[in-house]
Amino acid sequence: MPEKTFPGILSTVGNTPLVAFEKLLPDLGSRVFGKIERFNPGGSIKDRSALGMLLAAIRSGDVEPGRSVIVESSSGNLAVGLAQICRYFGLRFICVVDGKTTGQNLAILKAFGAEVEVVTERDQRTGEFLPVRLRRVRELVDRIPDSYWPNQYTSLLNPKAHETTMREIEEALDGKVDFLFCSVSTFGTLRGCRDHIRARGLDTTIVAVDAMGSAIFGLESTQRLIPGHGASVVPPLMDASASDEVVHISDLECVTACRRLIDREAVLAGGSSGATVAALWKIRHRIPDGSNCVLIFPDGGDRYLDTIYSDSWVRENFGDISYLWKD
């Protein structure tokens with residue numbers, strides 16, 4: 001059999017595994033699957049968005065390798081995806097991150113040669129970093145010649161990339177996707193999955209998983225400990241009709257679910273992945289037996305070793321709560 005090779009690292013974006021979890025909720029009466037997006041080359045689902053947005057800009061001539069400067073705001077994962085793609089194409093990349101961005105993500109960005117600006121002050125009105133990050137991006141774009149802002153928050157290429165995510169899930173389960181649990185931030189993943197579901201006429205209940213303290217679905221914005229899901233402002237891509245149900249998850253529930261997942265399935269997952277597990281746990285009594293439940297896992301837990309998977313960090317923020325995830 002001939003060896004299968006790939007023409008460059010970017011050709012490995014997508015086609016991530018769908019894994020059956022048999023021990024996570026053994027009494028559920030339904031099958032649970034995780035779409036493991038950490039297998040993308042940059043380590044997260046944001047590789048799909050980053051590649052879709054930049055390839056389109058390069059093909060249209062809006063971005064020219066060797067001339068253009070890419071500027072973007074990100075809490076971490078999209079930044080890593082863009083950094084890898086920019087390094088591949090020889091593009092200068094400036095990323096505006098914030099104080100919640102993990103040290104490992106910052107180290108990865110620097111390894112790829114990205115120029116990193118860290119916002120350390122919070123917006124006075126919301127108490128969050130995002131509005132300040134966006135203001136800084138606009139300042140940089142206005143000042144730097146030949147700069148280009150992909151703008152994951154408004155670009156329709158963001159959700160477009162995730163129509164493929166849902167297509168992969170549909171094909172893996174022969175079209176029987178009864179429940180889809182998807183965490184939200186820019187709304188790109190959920191909206192793209194919704195578009196594919198509607199286009200194919202799938203009978204899928206879409207559950208949007210948001211963070212407590214996130215403003216996306218109308219709650220008051222408050223400070224949150226775990227980055228990656230939720231937002232302090234309503235994202236322009238937000239479409240309230242895209243989901244059938246919304247489940248809000250606290251930082252404590254997120255940590256507990258991540259720890260339960262590694263304890264029962266040996267899966268080291270990121271915070272937004274744990275949030276989908278917590279959401280499934282919350283509504284498990286309303287899921288009909290025999291359903292296929294798919295949880296999208298945006299990234300892995302290796303970038304949360306100093307927070308979610310640090311016993312001292314957990315004790316400092318929540319107390320001794322290990323009994324919540326141990327059998």
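Predicted model: local features only at pLDDT ≥ 70, side-chain atom pairs only at ≥ 80, totals over all residues.
Me: Why is Phe187 called buried?
Reply: Phe187 has a relative accessible area of 1%. Buried means under 20%. Phe187 therefore counts as buried.

Me: What makes the phi of Phe187 worth a remark?
Reply: Phi of Phe187 is positive, about 80°, although Phe187 is not a glycine. Most residues other than glycine have a negative phi. Phe187 sits in the loop between strand S7 (179-183) and helix H6 (188-200).

Me: Which other residue has a positive phi without being a glycine, and where does it lie?
Reply: Ala266, with phi near 60°. Ala266 lies in the loop between H7 and helix H8 (271-283).

Me: How do you know whether Ala266 is buried or exposed?
Reply: Its relative accessible area is 67%. Exposed means over 50%. Ala266 is therefore exposed.

Me: How many aromatic pairs does a search of the whole structure find?
Reply: The search finds 4.

Me: What makes the pair of Tyr88 and Phe89 edge-to-face?
Reply: The ring centres are 5.3 Å apart and the planes stand at 85°. Centres must lie within 6.5 Å, and planes over 60 degrees apart count as edge-to-face. So Tyr88 and Phe89 form an edge-to-face pair.

Me: Are Tyr88 and Phe89 buried, exposed or in between, and how do you know?
Reply: Tyr88 has a relative accessible area of 45%, and Phe89 has 25%.

Me: Why is the pair of Phe187 and Phe217 called tilted?
Reply: Their ring centres are 5.9 Å apart and their planes are at 55°. Stacked needs under 30 degrees, edge-to-face needs over 60, and the rest count as tilted. So this pair is tilted.

Me: What does the pair of Phe187 and Phe217 tie together?
Reply: Phe187 is in the loop between S7 and H6, and Phe217 is in the loop between strand S8 (205-211) and strand S9 (245-249). The pair therefore ties together parts that are 30 residues apart in sequence. Phe217 is partly exposed at 21% relative accessibility.

Me: How do you know that charged ends sit over the ring of Trp281?
Reply: The charged end of Arg260 is 4.8 Å from the ring centre. For Arg284 the distance is 3.8 Å. The limit is 6 Å, with an angle within 35 degrees of the ring normal. Arg260 sits over the ring, and so does Arg284.

Me: Why is Arg260 called buried?
Reply: Its relative accessibility is 11%. The limit for buried is under 20%, so Arg260 counts as buried. Arg260 belongs to helix H7. Beyond neighbours within four places in sequence, Arg260 is in contact with Trp281, Leu324 and Trp325.

Me: What makes Arg48 and Glu168 a salt bridge?
Reply: The N to O distance between their side chains is 2.9 Å. A salt bridge needs a side-chain nitrogen within 4 Å of a carboxyl oxygen. Arg48 and Glu168 therefore meet that limit. Arg48 lies in helix H1 (residues 46-60) and Glu168 in helix H5 (residues 157-172), so the pair ties together parts that are 120 residues apart in sequence. Both Arg48 and Glu168 are buried.

Me: How do you know that Arg286 and Glu245 form a salt bridge?
Reply: Their closest N and O atoms are 2.5 Å apart. The cut-off is 4 Å. Arg286 lies in the loop between H8 and S10 and Glu245 in strand S9, so the pair ties together parts that are 41 residues apart in sequence. Arg286 is exposed at 53% relative accessibility. Glu245 is partly exposed at 22%.

Me: Why is Pro298 called buried?
Reply: Pro298 has 10% relative accessibility. Buried means under 20%, so Pro298 counts as buried. Pro298 lies in the loop between strand S10 (292-297) and helix H9 (311-318). Residues that Pro298 touches include Glu37, Arg38 and Ser183.

Definitions and conventions
Residues numbered from 1 in each chain as written. Heavy atoms only, no water. Helix = DSSP H or I, 4+ residues; strand = E, 2+ residues; numbered from the N terminus. Buried < 20%, exposed > 50% of the residue type's maximum accessible area, 1.4 Å probe, protein only. Contact = heavy atoms within 4.5 Å. Phe/Tyr/Trp six-rings, centres within 6.5 Å; stacked < 30°, edge-to-face > 60°.
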